[in-house]
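Welcome! Please take a look at the sequence and the 3D structure below, and keep them open as you read.

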Amino acid sequence: MKAIRRFTVRPVLPEALHPLSDLARNLRWSWHAETRDLFQSVDPEHWAASECDPVRLLGSVSPGRLAELAEDRRFLRRLAAAADDLKDYVGGDRWYQSQTSGLPAAIAYFSPEFGITAALPQYSGGLGILAGDHLKAASDLGVPLIGVGLLYRHGYFRQSLSRDGWQQEHYPVLDPNELPVSLLREPDGTPSQVSLALPGGKSLHARVWLAQVGRVPLLMLDSDIEENDLGERGVTDRLYGGGSEHRLLQEMLLGIGGVRAVRTYCRLTGHAQPEVFHTNEGHAGFLGLERIHELSYEDLDFDAALEAVRAGTVFTTHTPVPAGIDRFDRELVARHFGPDAELPRIDVERILRLGMETYPGGEPNLFNMAVMGLRLGQRANGVSLLHGQVSREMFSGLWPGFDPDEVPITSVTNGVHAPTWVAPEVFRLGARQIGAQRTEDAMTVGASDRWDAVAEIPDQDIYDLRRVLREQLVTEVRERLHASWRQRGAGTAELGWIDGVLDPDVLTIGFARRVPSYKRLTLMLRDRDRLMDLLLHPERPIQIVVAGKAHPADDGGKRLVQELVRFADDPRVRHRIVFLPDYGMAMAQKLYPGCDIWLNNPLRPLEACGTSGMKAALNGCLNLSVLDGWWDEWFQPDFGWAIPTADGTAVDDDRRDELEASALYELLEQRVAPRFYERGQAGLPDRWIEMVRQTLTHLGPKVLAGRMVREYVERLYTPAAHAHRAMSPSSARELAEWKSRVRAAWPHVTVDHVETSAGAPTAELGTTLSLRVRVGLGDLAPDDVEVQAVSGRVDSEDGITDGTTAPLKPAGGPDLEGRWLYEGPLSLDRTGPFGYTVRILPTHRLLASSAELGLVAVPSEELGEGAGVLMR
């Protein structure tokens, strides 16, 4: 029979055990081993049954067991120690508090998904896991971050397989009362709410749930409340579900409602108001509009408010292809803003202009969330060096006249939260070497370039550790495979073969991620006979563990999953290759440590960063990857292998897959497997162990989320906070008026004449030439512009490929024709083909980049030819 109503019955803890509730409600337990061990000791059987979720555990433990623990002095001492440790962690000074003054008082970090723990399933893949790791690392470092997201009642889908290997989706209902979250409440005890106005006089209301992530509060908005009509209740039903309007409402609630939730939280708790707002991908971009709307009440017009908002906004793009960006029909966006809907004090046309693709190749009728994010953020970044380069090229249309490498999008390479992803056995090995506290500090702060202490760990210890982790993975795989086959309809009697699946002494390869086509799940199947030979090699076999979810609407991705599953079902190889459904954090935490090789074979350069290989590396797993994302930046032969790419324009997709699959097989046959099975004098794979050691020593400190968050603080958050403070209302008005004046005058800014002291087309290295330039500034003054000489090596078409810039100084003017004379030295500091040009850029003390306005004046082609090229 089905219940007509559902309640959550909370346990009544004896007074002596009250600290257990505080420990369960702070998600630090998800990465703090001692706290997890404490909960496991409450009731090991129920701990396993609760899937290691303290809130569920406490709801299932019998009153008798609780009474017994309340009298257990040893347990109470451990409980007191854990509670004191959490208090010190939350309230004590950490890295951030030891830095010089001038850091932001607070930062608001917005993301559509957060992967904190499997007990709070509000993530789909890498973006959410990255956001969760960002919050955890900020907590460890003491960074005053406030996280903002949505609470999805169905989360992301759970995946199972049909008998023939087709992906099945299930959406279990999540009851917030059974999750490690609590309602944000007003002083009178009523739940706090935020509301958005909708067309037709309707409203969208949301409550705010609070998840405490160590020191960091995470605010999650939930529209499934009685005050809403049925349609509005479903806005936060599931992650990345529904059509365009559903998605637009989610993103309005995240951005606009999220800012309102932050204001409410700060009002209720006394938390400092954020000086910096960080938009993790374009989904939360509407937060900038809400902040402009707030400032409209302070007598700032739209342009001045825009400058004030931009100064304190950081935008991170994670997408290397335009197709991955949320874009909405112009009319749909227009209908949800303006006098009859949300943000009535802002003209709808001004809102639309922020997101329209008004550049060559753009779709003029589409509203682009990433374009709005870039126009609303004074600072922007990609998530690896290569992705920064790709992003500058992809969005270069917003900065016409500038070379892609001058587009103001930098990069901060992603990192992963080591305490979450490092196996306890790996941590204990480090603790034995340098002590638990130093090991914890090394994994969280990430301040060193190398972990030299790894060199002192004996080879035998590393070998034994790797085998233990592989053995644990084998056990985990067999249990999950058995459960999967039972779901697929198999009887117990036909599953005896699972007891022989995988071997703890065989080279183990992991491949787990989302399943869009560019990640090429099935590249390994390109030559099935060759793969079978590798799996069944008599002396050097390999085994492969695969996992991943295709988007529910992506039938192409589902076909890839089915193709892989059907191959893995083949009785000849099913003991050597497995597909595990329902990939998530809990599975990943066993999978990364247990693999010897982490395989990644995307189409380069479509992997923005890719952090799964980082998590594997922290456990001593070697990477075998295409040079994409972070691997392009940090690959060295000492700790992994690079799969060659066939990305020439003359190679079609099918031929490219063929070439790269062949390269993958060859690496496995000729280099990877022989290295793993080769034994030295002591009977150990000495050269393999050395690669593991190099991975931990050199890659370990690089891939940390602590390093990543420190970079955000130093390179983006702190400059943004300084810009925010400098942008007083009068400064914002000044900058807005100056930009308007410069844009109006720019068509009349010209480079009219260029001459140098060079008398010949060749010159000697070290020569300094005198450069004289006459420019027209129209209605602008020299203080409004910078005239630059750009020089450097040139290519065959006279393009400057590695240019350096030097400002020229006014030397006279204006003349009778209104032209100004600029002069300066030009140093010939390199040999070979060398060239120069001159350009004029707008300049103002409040600009973050000289490219910010996208305005530049350069010599005409005729003038450029007359100036010539030097030292060809």
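Here is a short tour of the model, grouped by topic.

This is a predicted model. Its pLDDT averages 93 over the chain, and 97% of the residues score at least 70.

**Confidence**

**Two packed helices**

- Two packed helices are described by the angle between their axes and the distance between the axes.
- Helix H11 covers residues 302-311 and helix H14 covers residues 369-376; the two pack at an angle of about 90°, and their axes are 8 Å apart.
- H11 and H14 are therefore roughly perpendicular to each other.
- Which residues meet where H11 and H14 touch? On the H11 side they are Leu-306, Val-309 and Arg-310, and on the H14 side they are Leu-374, Arg-375 and Leu-376.
- Sorted by class, this contact of H11 with H14 has 4 nonpolar residues, 2 charged residues and no polar ones.

**Aromatic rings**

- The structure holds 19 aromatic pairs. One of them is formed by Trp-485 and Trp-497, an edge-to-face pair with 5.9 Å from centre to centre and 85° between the planes.
- Trp-485 sits in helix H19 (residues 459-487), while Trp-497 sits in the loop between H19 and strand E15 (507-512). The two residues are 12 residues apart, and the pair links distant parts of the chain.
- Are Trp-485 and Trp-497 buried or exposed? Both Trp-485 and Trp-497 are buried.
- Elsewhere, ring pairs connect Trp-630, Trp-631, Trp-634, Phe-635 and Phe-639 into a cluster.

**Backbone features to look up**

- Most residues other than glycine have a negative phi, and most peptide bonds are trans.
- You can find Pro-605 in the loop between strand E18 (597-600) and helix H23 (612-617).
- Glu-51 lies in the loop between helix H3 (44-49) and helix H4 (54-60). Its relative accessible area is 56%, so Glu-51 counts as exposed.
- With a relative accessible area of 6%, Glu-281 is buried.

- Lys-558 belongs to helix H21 (residues 555-568). Its relative accessible area is 6%, so Lys-558 is buried.
- What does Lys-558 touch, leaving aside its neighbours within four places in sequence? Lys-558 is in contact with Trp-166, Gln-167, Glu-169, Ala-550, His-551 and Pro-552.
- Met-585 is found in helix H22 (residues 585-594). Met-585 counts as buried because its relative accessibility is 2%.
- Beyond its neighbours within four places in sequence, Met-585 has contacts that include Gly-115, Ile-116, Tyr-123, Lys-136 and Trp-421.
- Met-585 and Asn-228 are 357 residues apart along the chain, and their C-alpha atoms are separated by 33 Å.

Definitions and conventions:
Residues are numbered from 1 along each chain as its sequence is written. This is a predicted model: local features need pLDDT of at least 70, side-chain atom pairs count only at pLDDT 80 or more; totals for chains, interfaces and linings use all residues. Side-chain values use heavy atoms; hydrogens and water are left out. Axes are lines fitted to C-alpha atoms, for helices over the stretch in contact, and angles run from 0 to 180 degrees between N-to-C directions. Helices (H or I, at least four residues) and strands (E, at least two) are DSSP runs, numbered from the N terminus. Angles under 35 degrees count as roughly parallel, over 145 as roughly antiparallel, 65 to 115 as roughly perpendicular and the rest as oblique. Contact means heavy atoms within 4.5 Å. Ala, Val, Leu, Ile, Met, Phe, Trp, Tyr, Cys and Pro count as nonpolar, Asp, Glu, Lys and Arg as charged, and the others, Gly among them, as polar. pLDDT is the predictor's confidence in each residue, from 0 to 100. Buried means under 20% relative accessible area, exposed over 50%, partly exposed in between (1.4 Å probe, protein chains only). Rings of Phe, Tyr and Trp (its six-membered ring) pair if their centres lie within 6.5 Å; planes under 30 degrees apart count as stacked, over 60 as edge-to-face and the rest as tilted.
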